[in-house]
Amino acid sequence: MLDYLPMFCQIRDKTCLLVGGGKVAERKAHLLLDAGARLLVNAREFTAQFQIWEDAGQVTLIRGEFEPHWLDFCWLVIAATNDAAVNGYVSDCATDRRIFCNVVDEPQQASFITPSVIDRSPVVIAISSGGNAPVLVRLLREKLERLLPMHLGRLAAYGGTLRQRVKQHFHHLAARRHFWEQFFTSESLTESLISQDRQQVDRVTETLFSELSQADTNKTDSRSLTD
């Protein structure tokens with residue numbers, strides 16, 4: 001049975017609260033900002049990086065003690081102070097409001113956890129042990145980082161631009177699946193994307209459409225003859 005429901009949250013332009021202003025909170029802030037959150041950060045003191053973000057208009061800093069009513073505007077909250085009592089209070093207040101809360105280093109108090117992430121956007125792989133084996137998670141992430149090429153995200157993003165065309169071009173599910181299998185394993189397409197040779201990318205793509213369309217037609221004709 002799963003201890004947690006694996007999910008990816010869309011928080012772009014949504015208000016999130018981070019309680020804490022130290023180095024640990026800074027790492028969480030990076031994650032939230034990368035996901036496009038409108039970030040409120042509450043603490044008595046902040047690292048220099050938080051000030052840089054505030055000066056750039058990327059975060060709103062709230063100096064002082066935590067106030068529960070700030071949660072009324074938020075989609076989720078992360079408690080990342082060095083005070084267990086404060087973190088627990090933030091978690092309790094979030095639970096009362098049915099707001100998901102992550103408590104750093106205290107998964108038993110959290111309603112969600114932030115996994116270890118391998119970012120090949122738009123391909124993102126998240127790994128978690130539910131707090132039971134963080135060293136194992138780190139080792140797995142390092143192994144997968146070595147296995148997954150950096151261009152993987154570029155290939156996935158380009159594939160995304162072709163999805164509608166593929167649906168319109170290939171009427172059978174099996175034909176679409178075959179196209180994508182050839183597309184994502186095409187060495188010439190991968191090399192063209194890495195070198196950013198747009199003309200060659202287009203040529204390889206059109207060749208795939210042409211060849212696989214003909215193959216699909218041949219299969220259809222063959223089935224018609226045997227019916």
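## The loop at Q196

Q196 sits in the loop between α7 (187-194) and α8; helices (H or I, at least four residues) and strands (E, at least two) are DSSP runs, numbered from the N terminus. Q196 is not a glycine, yet has a positive phi of about 55°. Most residues other than glycine have a negative phi, and most peptide bonds are trans. At 61% relative accessibility, Q196 counts as exposed, where exposed means over 50% relative accessible area, buried under 20%, and partly exposed in between (1.4 Å probe, protein chains only).

The model is a predicted one, in which local features need pLDDT of at least 70 and side-chain atom pairs count only at pLDDT 80 or more, while totals for chains, interfaces and linings use all residues. Residues are numbered from 1 along each chain as its sequence is written, and side-chain values use heavy atoms, with hydrogens and water left out.

## Other backbone features

D13 also has a positive phi, near 65°, in a residue other than glycine. D13 is found in the segment before β1 and, at 49% relative accessibility, counts as partly exposed.

The peptide bond from S121 to P122 is cis, with omega near 5°. P122 lies in the loop between β6 and β7.

## Salt bridges

Side chains of opposite charge can pair when their charged atoms come close. A search of the whole structure finds eight salt bridges, each being a side-chain nitrogen of Lys or Arg within 4 Å of a carboxyl oxygen of Asp or Glu. One of them joins R97 and D72, with the closest N and O atoms 2.9 Å apart. This pair links distant parts of the chain, 25 residues apart: R97 is in the loop between α3 (84-96) and β5, and D72 is in the loop between β3 (59-63) and β4. R97 is partly exposed at 32% relative accessibility, whereas D72 is exposed at 52%.

R165 pairs with E206, the closest N and O atoms being 2.9 Å apart. This pair also links distant parts of the chain, with R165 in helix α5 (residues 152-169) and E206 in helix α8 (residues 198-226), 41 residues apart. R165 has 32% relative accessibility and counts as partly exposed; E206, at 39%, is partly exposed. A further salt bridge, R138 with E142, has its closest N and O atoms 3.2 Å apart. R138 and E142 are separated by about one helical turn because they are four residues apart in helix α4. R138 is partly exposed, at 37%, and E142 is partly exposed, at 30%.

## Largest pocket

Rolling a probe the size of a water molecule over the atoms shows where empty space is left. The largest pocket holds about 2200 Å³ of space. On a 1 Å grid over the protein atoms alone, a pocket is an open set of points where a 1.4 Å probe fits, with protein on both sides within 12 Å along at least five of seven lines; lining residues have an atom within 4 Å of a point. Grid points are joined across faces, edges and corners, and the volume is the space filled by probe spheres set on the points.

The largest pocket is lined by 50 residues, of which L31, I113, T114, P115 and V117 are the closest to its centre. Two or more lining residues come from each of α1 (23-34), β4 (76-79), β5 (100-103), β6 (116-120), β7 (123-127) and α4 (134-147). The largest share, six residues, comes from α1.

## Nonpolar surface patch

F8, L31, V117 and V124 form a nonpolar patch on the surface, with about 340 Å² of accessible area together. Patches are made of residues with over 30% relative accessible area and no salt bridge; nonpolar side chains (Val, Leu, Ile, Met, Phe, Trp, Tyr) are joined within 5 Å, and like charges within 9 Å. Accessible areas come from the Shrake-Rupley method with a 1.4 Å probe, and for residues only the protein chains shown count as cover. F8 is in the segment before β1 (15-19) and is exposed, at 62% relative accessibility.

An unreviewed UniProt entry lists "domain: Siroheme synthase central" at residues 125-146. That span is 59% helix and 14% strand, and its end C-alpha atoms lie 13 Å apart. UniProt, again in an unreviewed entry, places "domain: Sirohaem synthase dimerisation" at residues 151-208; the positions are given in the numbering used here, feature names are shortened, and annotations may be inferred rather than shown by experiment. Residues 151-208 are 84% helix and 0% strand, with end C-alpha atoms 20 Å apart.

A175 is found in helix α6 (residues 173-184) and is buried, with a relative accessible area of 9%. A175 and S188 are 13 residues apart in sequence and 21 Å apart in space, C-alpha to C-alpha. F184 is also in helix α6 but is partly exposed, at 40%. F184 and A156 are 28 residues apart in sequence, with 8.2 Å between their C-alpha atoms.
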